There are 2 protein chains.
Amino acid sequence: MSANSRLTVAVHVLTWMVLDRREGHEVATSERIAGSVNTNPVVIRRCLGDLRKAGLVEARRGTGAGWVVTRDPESITLLDVYEALDEGGLFGMHNARPNQSCPVGFGIQPTLRQVYDGLEDAMRKQLAGTTIADVLRDVLARQRE
Amino acid sequence: MSANSRLTVAVHVLTWMVLDRREGHEVATSERIAGSVNTNPVVIRRCLGDLRKAGLVEARRGTGAGWVVTRDPESITLLDVYEALDEGGLFGMHNARPNQSCPVGFGIQPTLRQVYDGLEDAMRKQLAGTTIADVLRDVLARQRE
DNA sequence: GGCGCTGTAACCTTGTGAGTTACACAGAGG
DNA sequence: CCTCTGTGTAACTCACAAGGTTACAGCGCC
(Lines give C-alpha, C1' and ligand atoms only; values in the text may rest on other atoms or scores of the structure.)
Protein backbone atom coordinates (compact mmCIF):
# COMPACT_ATOMS: atom_id res chain seq x y z
CA MET A 1 0.00 0.00 0.00
CA SER A 2 2.97 2.20 -0.49
CA ALA A 3 1.69 4.44 -3.23
CA ASN A 4 -1.45 6.45 -2.80
CA SER A 5 -4.29 5.48 -5.05
CA ARG A 6 -6.61 8.15 -3.72
CA LEU A 7 -6.00 10.60 -6.54
CA THR A 8 -6.44 7.79 -9.05
CA VAL A 9 -9.77 6.77 -7.55
CA ALA A 10 -11.03 10.35 -7.30
CA VAL A 11 -10.23 11.05 -10.94
CA HIS A 12 -11.81 7.76 -11.95
CA VAL A 13 -14.97 8.62 -10.03
CA LEU A 14 -15.35 12.09 -11.54
CA THR A 15 -14.63 10.88 -15.05
CA TRP A 16 -17.13 8.08 -14.70
CA MET A 17 -19.79 10.46 -13.37
CA VAL A 18 -19.36 12.83 -16.29
CA LEU A 19 -19.69 9.97 -18.79
CA ASP A 20 -22.67 8.55 -16.92
CA ARG A 21 -24.38 11.94 -16.97
CA ARG A 22 -23.70 12.22 -20.67
CA GLU A 23 -25.38 8.88 -21.18
CA GLY A 24 -28.57 10.26 -19.67
CA HIS A 25 -28.47 9.27 -16.01
CA GLU A 26 -29.66 11.96 -13.63
CA VAL A 27 -27.64 10.84 -10.64
CA ALA A 28 -24.90 8.34 -9.83
CA THR A 29 -25.03 6.08 -6.79
CA SER A 30 -21.97 5.04 -4.87
CA GLU A 31 -22.83 1.45 -5.65
CA ARG A 32 -22.76 1.86 -9.42
CA ILE A 33 -19.55 3.86 -9.25
CA ALA A 34 -18.01 1.16 -7.07
CA GLY A 35 -18.84 -1.30 -9.85
CA SER A 36 -16.54 0.51 -12.24
CA VAL A 37 -13.74 1.21 -9.79
CA ASN A 38 -14.11 -2.32 -8.42
CA THR A 39 -14.21 -1.57 -4.74
CA ASN A 40 -16.61 -1.10 -1.86
CA PRO A 41 -19.32 1.61 -2.04
CA VAL A 42 -18.20 3.04 1.29
CA VAL A 43 -14.74 3.71 -0.11
CA ILE A 44 -16.41 5.65 -2.92
CA ARG A 45 -18.61 7.58 -0.50
CA ARG A 46 -15.58 8.57 1.51
CA CYS A 47 -13.93 9.82 -1.66
CA LEU A 48 -17.11 11.66 -2.73
CA GLY A 49 -17.27 13.20 0.73
CA ASP A 50 -13.88 14.84 0.12
CA LEU A 51 -14.95 16.02 -3.32
CA ARG A 52 -18.14 17.45 -1.86
CA LYS A 53 -16.25 19.47 0.72
CA ALA A 54 -14.36 21.00 -2.19
CA GLY A 55 -17.61 21.77 -3.99
CA LEU A 56 -16.97 19.49 -6.95
CA VAL A 57 -19.97 17.21 -6.38
CA GLU A 58 -23.27 17.30 -4.53
CA ALA A 59 -25.33 14.59 -2.86
CA ARG A 60 -29.09 14.23 -3.20
CA ARG A 61 -31.07 12.27 -0.67
CA GLY A 62 -34.46 10.59 -0.50
CA THR A 63 -35.92 8.53 -3.31
CA GLY A 64 -33.76 8.68 -6.42
CA ALA A 65 -30.83 9.77 -4.28
CA GLY A 66 -27.27 9.89 -5.56
CA TRP A 67 -24.51 12.22 -6.61
CA VAL A 68 -24.04 14.85 -9.30
CA VAL A 69 -21.02 16.73 -10.56
CA THR A 70 -21.61 20.43 -9.96
CA ARG A 71 -19.07 21.95 -12.32
CA ASP A 72 -18.28 21.86 -16.00
CA PRO A 73 -15.72 19.05 -16.53
CA GLU A 74 -13.66 21.44 -18.66
CA SER A 75 -13.20 23.59 -15.57
CA ILE A 76 -12.18 20.85 -13.13
CA THR A 77 -8.41 20.41 -13.17
CA LEU A 78 -6.56 17.56 -11.57
CA LEU A 79 -5.13 20.16 -9.21
CA ASP A 80 -8.67 20.83 -7.96
CA VAL A 81 -9.05 17.12 -7.34
CA TYR A 82 -5.65 16.83 -5.67
CA GLU A 83 -6.41 19.69 -3.34
CA ALA A 84 -9.80 18.26 -2.49
CA LEU A 85 -8.07 15.23 -1.03
CA ASP A 86 -5.65 17.23 1.08
CA GLU A 87 -2.82 14.75 1.03
CA GLY A 88 0.20 15.43 3.16
CA GLY A 89 3.18 16.79 1.21
CA LEU A 90 5.25 14.59 -1.07
CA PHE A 91 8.25 14.33 1.21
CA GLY A 92 8.31 14.49 4.96
CA MET A 93 10.83 15.87 7.39
CA HIS A 94 12.72 13.83 9.97
CA ASN A 95 10.64 11.83 12.39
CA ALA A 96 12.75 12.95 15.31
CA ARG A 97 13.97 16.51 15.53
CA PRO A 98 17.57 16.64 14.26
CA ASN A 99 20.35 17.72 16.60
CA GLN A 100 19.95 21.50 16.91
CA SER A 101 23.50 22.02 18.11
CA CYS A 102 24.85 20.69 14.84
CA PRO A 103 24.92 23.27 12.03
CA VAL A 104 23.40 20.84 9.57
CA GLY A 105 20.81 19.58 12.02
CA PHE A 106 19.86 23.16 12.75
CA GLY A 107 19.56 24.49 9.24
CA ILE A 108 18.48 21.49 7.19
CA GLN A 109 14.75 21.67 7.76
CA PRO A 110 14.09 25.24 6.61
CA THR A 111 16.37 24.60 3.63
CA LEU A 112 14.54 21.47 2.60
CA ARG A 113 11.18 23.07 3.27
CA GLN A 114 12.05 25.57 0.58
CA VAL A 115 13.16 22.86 -1.83
CA TYR A 116 10.03 20.80 -1.21
CA ASP A 117 7.82 23.84 -1.68
CA GLY A 118 9.39 24.32 -5.09
CA LEU A 119 8.63 20.71 -5.92
CA GLU A 120 5.01 21.01 -4.90
CA ASP A 121 4.73 24.12 -7.02
CA ALA A 122 6.09 22.37 -10.08
CA MET A 123 3.75 19.47 -9.50
CA ARG A 124 0.73 21.73 -9.05
CA LYS A 125 1.44 23.55 -12.29
CA GLN A 126 1.56 20.21 -14.05
CA LEU A 127 -1.67 19.00 -12.45
CA ALA A 128 -3.41 22.24 -13.33
CA GLY A 129 -2.76 21.54 -17.00
CA THR A 130 -5.13 18.60 -17.23
CA THR A 131 -8.91 18.67 -16.74
CA ILE A 132 -11.44 15.93 -16.17
CA ALA A 133 -12.71 16.61 -19.69
CA ASP A 134 -9.18 15.95 -21.01
CA VAL A 135 -9.03 12.70 -19.09
CA LEU A 136 -12.41 11.58 -20.39
CA ARG A 137 -11.41 12.39 -23.98
CA ASP A 138 -8.21 10.43 -23.61
CA VAL A 139 -9.93 7.50 -21.91
CA LEU A 140 -12.50 7.21 -24.68
CA ALA A 141 -9.82 7.44 -27.37
CA ARG A 142 -8.15 4.39 -25.91
CA GLN A 143 -11.16 2.18 -26.52
CA ARG A 144 -10.06 1.63 -30.10
CA GLU A 145 -6.56 0.47 -29.26
CA MET B 1 4.21 7.55 8.93
CA SER B 2 2.46 9.02 5.99
CA ALA B 3 5.17 11.11 4.48
CA ASN B 4 8.51 9.70 3.48
CA SER B 5 11.47 11.11 5.29
CA ARG B 6 13.98 9.01 3.38
CA LEU B 7 14.97 11.78 0.96
CA THR B 8 15.27 14.20 3.85
CA VAL B 9 17.54 11.86 5.76
CA ALA B 10 19.68 11.06 2.73
CA VAL B 11 20.24 14.73 1.92
CA HIS B 12 20.99 15.44 5.57
CA VAL B 13 23.55 12.64 5.64
CA LEU B 14 25.38 13.77 2.51
CA THR B 15 25.39 17.41 3.55
CA TRP B 16 26.71 16.50 6.95
CA MET B 17 29.45 14.34 5.45
CA VAL B 18 30.63 17.12 3.16
CA LEU B 19 30.80 19.57 6.05
CA ASP B 20 32.55 17.01 8.24
CA ARG B 21 35.12 16.38 5.53
CA ARG B 22 35.66 20.10 5.16
CA GLU B 23 36.37 20.28 8.88
CA GLY B 24 39.23 17.83 8.46
CA HIS B 25 37.77 14.43 9.26
CA GLU B 26 38.95 11.65 6.98
CA VAL B 27 35.89 9.45 7.35
CA ALA B 28 32.44 9.61 8.88
CA THR B 29 31.00 6.81 10.97
CA SER B 30 27.33 5.93 11.01
CA GLU B 31 27.28 6.63 14.71
CA ARG B 32 28.46 10.20 14.40
CA ILE B 33 26.08 10.86 11.54
CA ALA B 34 23.24 9.39 13.57
CA GLY B 35 24.07 11.93 16.26
CA SER B 36 23.22 14.77 13.92
CA VAL B 37 20.16 13.19 12.33
CA ASN B 38 19.04 12.00 15.77
CA THR B 39 18.27 8.41 14.94
CA ASN B 40 19.72 4.93 15.13
CA PRO B 41 23.05 4.18 13.38
CA VAL B 42 21.48 1.23 11.59
CA VAL B 43 18.98 3.53 9.92
CA ILE B 44 21.90 5.62 8.68
CA ARG B 45 23.75 2.54 7.45
CA ARG B 46 20.71 1.46 5.51
CA CYS B 47 20.52 4.87 3.92
CA LEU B 48 24.26 4.88 3.16
CA GLY B 49 23.85 1.44 1.63
CA ASP B 50 21.44 2.89 -0.93
CA LEU B 51 23.76 5.81 -1.64
CA ARG B 52 26.64 3.40 -2.07
CA LYS B 53 24.77 1.37 -4.66
CA ALA B 54 24.36 4.61 -6.59
CA GLY B 55 28.09 5.35 -6.27
CA LEU B 56 27.68 8.50 -4.21
CA VAL B 57 29.56 7.22 -1.16
CA GLU B 58 32.06 4.51 -0.32
CA ALA B 59 32.65 2.47 2.82
CA ARG B 60 36.08 1.75 4.27
CA ARG B 61 36.58 -1.15 6.62
CA GLY B 62 39.11 -2.23 9.20
CA THR B 63 40.66 0.16 11.69
CA GLY B 64 39.62 3.76 11.02
CA ALA B 65 36.64 2.51 9.07
CA GLY B 66 33.83 4.75 7.95
CA TRP B 67 32.28 6.43 4.96
CA VAL B 68 33.44 8.97 2.41
CA VAL B 69 31.60 10.94 -0.26
CA THR B 70 33.07 9.98 -3.63
CA ARG B 71 31.89 12.86 -5.76
CA ASP B 72 32.21 16.62 -5.80
CA PRO B 73 29.24 18.03 -3.86
CA GLU B 74 28.67 20.51 -6.70
CA SER B 75 28.00 17.55 -8.98
CA ILE B 76 25.53 15.69 -6.76
CA THR B 77 22.00 16.85 -7.46
CA LEU B 78 19.00 16.01 -5.34
CA LEU B 79 17.78 14.02 -8.33
CA ASP B 80 20.83 11.76 -7.95
CA VAL B 81 19.90 11.27 -4.32
CA TYR B 82 16.23 10.69 -5.10
CA GLU B 83 17.10 8.07 -7.69
CA ALA B 84 19.51 6.35 -5.34
CA LEU B 85 16.60 5.63 -3.03
CA ASP B 86 14.35 4.20 -5.72
CA GLU B 87 11.08 5.18 -4.18
CA GLY B 88 7.88 4.00 -5.76
CA GLY B 89 6.13 6.61 -7.89
CA LEU B 90 4.30 9.53 -6.33
CA PHE B 91 0.79 8.25 -7.05
CA GLY B 92 -0.34 4.67 -7.34
CA MET B 93 -2.97 3.01 -9.48
CA HIS B 94 -6.05 1.22 -8.15
CA ASN B 95 -5.45 -1.60 -5.73
CA ALA B 96 -7.97 -3.82 -7.49
CA ARG B 97 -8.11 -3.88 -11.26
CA PRO B 98 -10.94 -1.60 -12.38
CA ASN B 99 -13.87 -3.07 -14.30
CA GLN B 100 -12.52 -3.69 -17.81
CA SER B 101 -15.96 -3.83 -19.39
CA CYS B 102 -16.59 -0.22 -18.40
CA PRO B 103 -15.06 2.33 -20.79
CA VAL B 104 -13.63 4.37 -17.95
CA GLY B 105 -12.38 1.32 -16.06
CA PHE B 106 -10.69 0.14 -19.22
CA GLY B 107 -8.98 3.34 -20.29
CA ILE B 108 -8.25 5.15 -17.06
CA GLN B 109 -4.98 3.48 -16.15
CA PRO B 110 -3.00 4.18 -19.33
CA THR B 111 -4.36 7.72 -19.29
CA LEU B 112 -3.29 8.36 -15.73
CA ARG B 113 0.03 6.64 -16.28
CA GLN B 114 0.77 9.31 -18.86
CA VAL B 115 -0.31 12.10 -16.52
CA TYR B 116 1.75 10.72 -13.66
CA ASP B 117 4.80 10.33 -15.89
CA GLY B 118 4.51 14.02 -16.70
CA LEU B 119 4.42 14.81 -13.01
CA GLU B 120 7.50 12.75 -12.27
CA ASP B 121 9.29 14.53 -15.08
CA ALA B 122 8.44 17.96 -13.72
CA MET B 123 9.56 16.90 -10.29
CA ARG B 124 12.81 15.47 -11.56
CA LYS B 125 13.68 18.66 -13.41
CA GLN B 126 13.11 20.56 -10.21
CA LEU B 127 15.23 18.16 -8.15
CA ALA B 128 18.03 18.32 -10.69
CA GLY B 129 18.30 22.06 -10.12
CA THR B 130 19.67 21.76 -6.59
CA THR B 131 22.98 20.22 -5.53
CA ILE B 132 24.31 19.09 -2.18
CA ALA B 133 26.69 22.05 -2.33
CA ASP B 134 23.68 24.37 -2.72
CA VAL B 135 22.02 22.77 0.26
CA LEU B 136 25.14 23.12 2.40
CA ARG B 137 25.52 26.76 1.44
CA ASP B 138 21.92 27.46 2.35
CA VAL B 139 22.14 25.51 5.60
CA LEU B 140 25.20 27.44 6.73
CA ALA B 141 23.62 30.76 5.79
CA ARG B 142 20.76 30.03 8.14
CA GLN B 143 23.05 29.89 11.17
CA ARG B 144 22.96 33.66 11.44
CA GLU B 145 19.20 33.96 11.50
C1' DG C 1 44.05 -12.06 18.12
C1' DG C 2 41.83 -7.68 19.54
C1' DC C 3 39.38 -3.81 18.19
C1' DG C 4 36.20 -0.69 15.72
C1' DC C 5 33.06 -0.23 12.47
C1' DT C 6 30.51 -2.07 8.48
C1' DG C 7 26.68 -4.92 6.55
C1' DT C 8 22.46 -7.39 7.32
C1' DA C 9 19.09 -10.21 9.19
C1' DA C 10 15.32 -10.48 12.31
C1' DC C 11 12.00 -8.56 14.97
C1' DC C 12 8.73 -5.09 17.04
C1' DT C 13 5.99 -0.99 16.87
C1' DT C 14 3.21 2.20 14.70
C1' DG C 15 0.69 4.89 11.23
C1' DT C 16 -2.31 4.52 7.47
C1' DG C 17 -5.12 3.16 3.54
C1' DA C 18 -8.39 0.01 2.13
C1' DG C 19 -12.07 -2.92 2.82
C1' DT C 20 -16.12 -4.28 5.45
C1' DT C 21 -20.24 -4.29 8.52
C1' DA C 22 -23.64 -1.85 10.73
C1' DC C 23 -26.77 1.59 11.44
C1' DA C 24 -28.88 6.29 11.96
C1' DC C 25 -30.71 9.73 8.82
C1' DA C 26 -32.91 12.06 4.81
C1' DG C 27 -36.73 12.56 1.96
C1' DA C 28 -39.68 11.25 -2.08
C1' DG C 29 -43.79 8.62 -2.93
C1' DG C 30 -47.42 5.69 -1.88
C1' DC D 1 -47.13 8.07 8.43
C1' DC D 2 -44.73 4.29 6.60
C1' DT D 3 -41.67 2.25 3.36
C1' DC D 4 -37.84 2.15 0.57
C1' DT D 5 -33.45 3.59 -1.29
C1' DG D 6 -29.19 5.42 -0.81
C1' DT D 7 -26.38 8.81 1.92
C1' DG D 8 -23.15 9.72 5.90
C1' DT D 9 -20.25 7.93 9.36
C1' DA D 10 -18.51 5.16 13.07
C1' DA D 11 -16.09 1.10 14.24
C1' DC D 12 -13.54 -2.67 13.21
C1' DT D 13 -10.10 -5.75 10.71
C1' DC D 14 -6.39 -6.52 7.57
C1' DA D 15 -2.16 -5.67 5.13
C1' DC D 16 1.81 -3.21 4.49
C1' DA D 17 5.82 -0.30 4.93
C1' DA D 18 8.98 2.76 7.48
C1' DG D 19 11.47 3.41 11.46
C1' DG D 20 13.61 1.84 15.28
C1' DT D 21 16.20 -1.72 17.78
C1' DT D 22 19.07 -5.82 18.92
C1' DA D 23 22.17 -9.09 17.48
C1' DC D 24 25.85 -10.86 15.13
C1' DA D 25 29.00 -12.16 11.27
C1' DG D 26 32.71 -10.01 8.40
C1' DC D 27 36.51 -7.11 7.37
C1' DG D 28 41.04 -5.33 7.90
C1' DC D 29 44.48 -2.49 10.42
C1' DC D 30 47.11 -2.58 14.59
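I began with burial: of the 145 residues of chain A, 48% count as buried, where buried means under 20% relative accessible area, exposed over 50% and partly exposed in between, with a 1.4 Å probe and protein chains only. This is a predicted model, in which local features need pLDDT of at least 70 and side-chain atom pairs count only at pLDDT 80 or more, while totals for chains, interfaces and linings use all residues. Side-chain values use heavy atoms, without hydrogens and water, residues are numbered from 1 along each chain as its sequence is written, and chains are lettered from A and ligands numbered from 1 in the order written.

For the fold, I noted six helices and two strands in chain A, taken as DSSP runs (helices H or I, at least four residues; strands E, at least two) numbered from the N terminus. Their order along the sequence is α-α-α-β-β-α-α-α. Chain A is more spread out than a compact globule, because its radius of gyration is 19 Å, well over the 15 Å from the globule rule for 145 residues; the radius is taken over C-alpha atoms, and the rule is 2.2 Å times the number of residues to the power 0.38. I also recorded that the C-alpha trace of chain A spans about 65 × 35 × 25 Å along its principal axes.

Last, I looked up Thr77(B), which lies in the loop between strand E2 (66-69) and helix H4 (78-84) of chain B. Thr77(B) counts as buried, because its relative accessibility is 14%. Leaving aside neighbours within four places in sequence, I found Thr77(B) in contact with Leu127(B), Ala128(B), Thr130(B) and Thr131(B), contact meaning heavy atoms within 4.5 Å.
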